[in-house]
Amino acid sequence: MATGEQLQQVVMGAAKVVEEQLDAEIERLDNLDSEDLEKLREKRLEQMKEQATKREEWKEKGHGLYTELPEEKLFFEECQKSERVVCHFYRDSTWRCKIVDKHLAILAPKHLETKFIKLSVDRAPFLCKRLNVRILPTIAIVIDAKTKDYIRGFDDLGGHDEFSTEMLEWRLGCAGGINYSGNLLEPPDSGKPKKSQVTYHAKKSIRQADLDSDSDD
């Protein structure tokens, strides 16, 4: 079976499940009396209060900003303080890292539930070895102090430099790194043509003060 047909079946199956869930929810709401509706209202108000409290707690922890860590030991502290962390391992001389910076700076204030940080590989030799960071840029998605997923280079983002912020947002959502409100079955840039392709240089060791890079420089 062709890939397109497989994806179509997955989408149709997901749509059927959503439709059944909506039908069940509508039926449930139709059967509610005034007392049940009041309980729902109270529950919703309580959830809104809890969410407002969480937002303030996140802001106190530095959520909402895209910040740089001056040393690698702070990486562990941030992962202990925040339930979800997105960390960009970068180098100033790798220009594709600046592309990631641009997108993460946009996503950080949008997703307060996640702490967005960046760390220079030159300041993090231990972490680079432990997390096997060998391609730049690398984005690590950490949940509950455990590294759950990586985005290495731009292959997961369409394989080119002109991917949208929404595409990176989608990819982070697939890993559970953020609360994604879109459709995980449909990558935002899937219908857009590729422009400049990502190329990789030969590997260099960390001792040589360099890593594999997407950069053509």
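His88 is buried in this predicted model, with a relative accessible area of 0%. You'll find His88 in strand β2, and its side chain makes a polar contact of 3.1 Å with the side chain of Asp101. Asp101 itself is one of the buried residues of helix α4. From there, here's a quick tour of the rest of the chain, topic by topic.

**Around His88 and helix α4**

- Leaving out residues up to four places away in sequence, His88 touches Tyr66, Cys97, Val100, Asp101, Leu104, Ile117, Lys118, Leu119, Pro137, Thr138 and Ile139.
- Helix α4 covers residues 95–110, and its buried residues are Arg96, Cys97, Ile99, Val100, Asp101, His103, Leu104, Leu107 and Ala108.
- What do the buried residues of α4 pack against? The list is β1 (66–68), β2 (84–90), β3 (115–120), β4 (135–136), β5 (138–143) and α6 (165–174).

**Aromatic rings**

- A search of the whole structure turns up four aromatic pairs.
- In one of them, the ring centres of Phe75 and Phe76 are 5.6 Å apart and the planes sit at 85°, so this pair is edge-to-face.
- Are Phe75 and Phe76 buried or partly exposed? Phe75 is buried, at 4% relative accessible area, while Phe76 is partly exposed, at 32% relative accessibility.
- Phe76 also pairs with Phe126, this time in a tilted arrangement, with 6.5 Å from centre to centre and 50° between the planes.
- Put together, Phe75, Phe76, Phe89 and Phe126 make up one aromatic cluster.

**Charges over rings**

- Lys118, one of the residues that His88 touches, has its charged end over the ring of Tyr90, 4.3 Å from the ring centre.
- Arg152 does something along these lines with Tyr150: its charged end sits over that ring, 4.1 Å from the centre.

**Ser120 in strand β3**

- Ser120 lies in strand β3 and is buried, with a relative accessible area of 7%.
- How far from Ser120 is the C-alpha atom of Leu69, 51 residues apart along the chain? The two C-alpha atoms are separated by 8.0 Å.

**The largest pocket**

- The largest pocket has a volume of about 200 Å³.
- Its lining is made up of Gln51, Lys54, Glu57, Trp58, Lys61, His63, Lys81, Ser82, Glu83, Arg84, Glu113 and Asn179.
- Which element gives the largest share of that lining? Helix α2 (residues 34–60) does, with four residues.

**The chain as a whole**

- The chain holds six helices and seven strands.
- Starting at the N terminus, the elements come in the order α-α-β-α-β-α-β-α-β-β-β-α-β.
- Of the 217 residues in the chain, 38% count as buried, among them His88, Phe75 and Ser120.
- If you look at contacts between residues at least 6 apart in sequence, 65% of them join residues at least 24 apart.

Key: Residues are numbered from 1 along each chain as its sequence is written. This is a predicted model: local features need pLDDT of at least 70, side-chain atom pairs count only at pLDDT 80 or more; totals for chains, interfaces and linings use all residues. Side-chain values use heavy atoms; hydrogens and water are left out. Buried means under 20% relative accessible area, exposed over 50%, partly exposed in between (1.4 Å probe, protein chains only). Helices (H or I, at least four residues) and strands (E, at least two) are DSSP runs, numbered from the N terminus. Contact means heavy atoms within 4.5 Å. Rings of Phe, Tyr and Trp (its six-membered ring) pair if their centres lie within 6.5 Å; planes under 30 degrees apart count as stacked, over 60 as edge-to-face and the rest as tilted. A charge sits over a ring if NZ of Lys or CZ of Arg is within 6 Å of the ring centre and within 35 degrees of the ring normal. A polar contact is a pair of N or O atoms within 3.5 Å; within protein, one must be able to donate a hydrogen and the other to accept it, and residues adjacent in sequence count only if both atoms are side-chain atoms. On a 1 Å grid over the protein atoms alone, a cavity is a set of points where a 1.4 Å probe fits but cannot get out, and a pocket is an open set with protein on both sides within 12 Å along at least five of seven lines; lining residues have an atom within 4 Å of a point. Grid points are joined across faces, edges and corners, and a volume is the space filled by probe spheres set on the points.
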